[in-house]
Amino acid sequence: MTRGSTGNDKPNAVISKSAFNIVAIAIEAIVKMLSKRELARYERQILIPGWSKAGQEKLKKAKVLVAGAGGLGSAILTYLAVAGVGRIKIIDGDKVELSNLNRQVLHSDKDIGRNKVDSAKEKLEALNPHISVEAVKATIDENNVFDLVGDYLIVDAMDNLPARFLLNQVAVKKNLPLFHGAVYGFEGRATTVIPGKTACLRCLYQGVIPGKIPVVGVTPAVIGCIQATEVIKYILGIGELLTDRLLIYDGISMKFSEVRLKKDPNCCECK
Amino acid sequence: MDVTIKISSLFRKYTDGQEFVKVTGNNPMECLHELEARFPKMKRWLYDKQGNLRPQVWFFVNGQKISADDLTKPLNNGDELFFVLAISGG
């Protein structure tokens, strides 16, 4: 027996633990439960076959990391937020610049000079007060990427290949899905990586076009919406994912085409 | 072999806007060489300063990605060769 303890320590500890569990379960149930206001907000999507109230609850419980609050990130974050993804983490180390505003629609003139993550969080919380948005101002590197990702689904909205490779590495190591998109001018690409099953980014990329990237805002909007669609389908467990397929959007011809990918048996990341 | 090369939007400024170009060649590399001969400005995107094919060029035959080792493997009459540049804008 230790100082200050009573003879009832053990039974009390058991009761306390049980009580704690009951409270924890109740809190979880409340968190999962959709309010009347939320049900009204999501009414139209709940009508979609395969979605239902249970699907909406899955979205509310989901945790999604969006790496990059730029052109792709603006579209992805907007549509994940309004769809009701319950916990969204945004990572970006940049500040808003004037030259971002042709495509990064989460930010506006008054945000110039602010951290992109703060600007994005403010807009998303205004769009949907029922979700939790965590803003992390950080530049992804090999020292922080593992902890930053945690156990969140990963959406790759980056603008450089080294950061994309780091996200891919963590996705493979932690067996987390990765939703990839990339743009250049009027052209965009998207694919979904399910580690252990599909080609990963390292199976695909050995380099990219160097130099400053030309882009018009509609391109990341199109590709970002495709990435967000993939995330929503993944969480709900409906439809066919863009796995082992690369979707190519050609805004100039206004054509979508698709090519098949396969795992590289010599891939340095996922073999 | 008669092969159709599909030109991605990023390259079409070098092919006078053509989306499809018909060439003859026994394998993807031969087809690519014929295309370069007709549209030489394309070469700087395909090769580095040492004349090596850039790794950021992806090749697809009939919609399936192929590796660099497959570039000298035979094609069939009527095959479609598609190549695109890897991009990374966000």
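Reader: What pattern does chain B follow when read along the sequence?

Author: In this predicted model, chain B runs β-β-α-α-β-β-β along the sequence. That pattern comprises two helices and five strands.

Reader: What makes chain B as compact as a globular protein of that length?

Author: The globule rule gives 12 Å for 90 residues, and the radius of gyration of chain B is 12 Å, so chain B is as compact as a globular protein of that length. Along the principal axes, its C-alpha atoms fill a box of roughly 35 × 30 × 30 Å.

Reader: How do you know that the span of helix 6 of chain A agrees with its number of residues?

Author: The expected span is 1.5 Å times one less than the number of residues. For the twelve residues 116–127 this gives 16 Å, and the end C-alpha atoms are 16 Å apart, so the two values agree.

Reader: Which residues of helix 6 of chain A are buried, and what do they pack against?

Author: The buried residues include K116(A), V117(A), A120(A) and L124(A). The buried residues of this helix pack against helix 5, strand 2 and strand 3 of chain A.

Reader: How many residues of chain A and chain B are in contact?

Author: The contact involves 33 residues of chain A and 19 residues of chain B. Strand 5 of chain A gives the largest share of the chain A side, three residues. By class, that side has 18 nonpolar, eight polar and seven charged residues.

Notes:
Residues numbered from 1 in each chain as written. Chains lettered and ligands numbered in written order. Predicted model: local features only at pLDDT ≥ 70, side-chain atom pairs only at ≥ 80, totals over all residues. Contact = placed C-beta atoms within 7 Å. Helix = DSSP H or I, 4+ residues; strand = E, 2+ residues; numbered from the N terminus. Nonpolar A, V, L, I, M, F, W, Y, C, P; charged D, E, K, R; others polar. Buried ≥ 20, exposed ≤ 12 C-beta atoms within 10 Å, placed from the backbone. Rg over C-alpha atoms; globule rule 2.2 N^0.38 Å.
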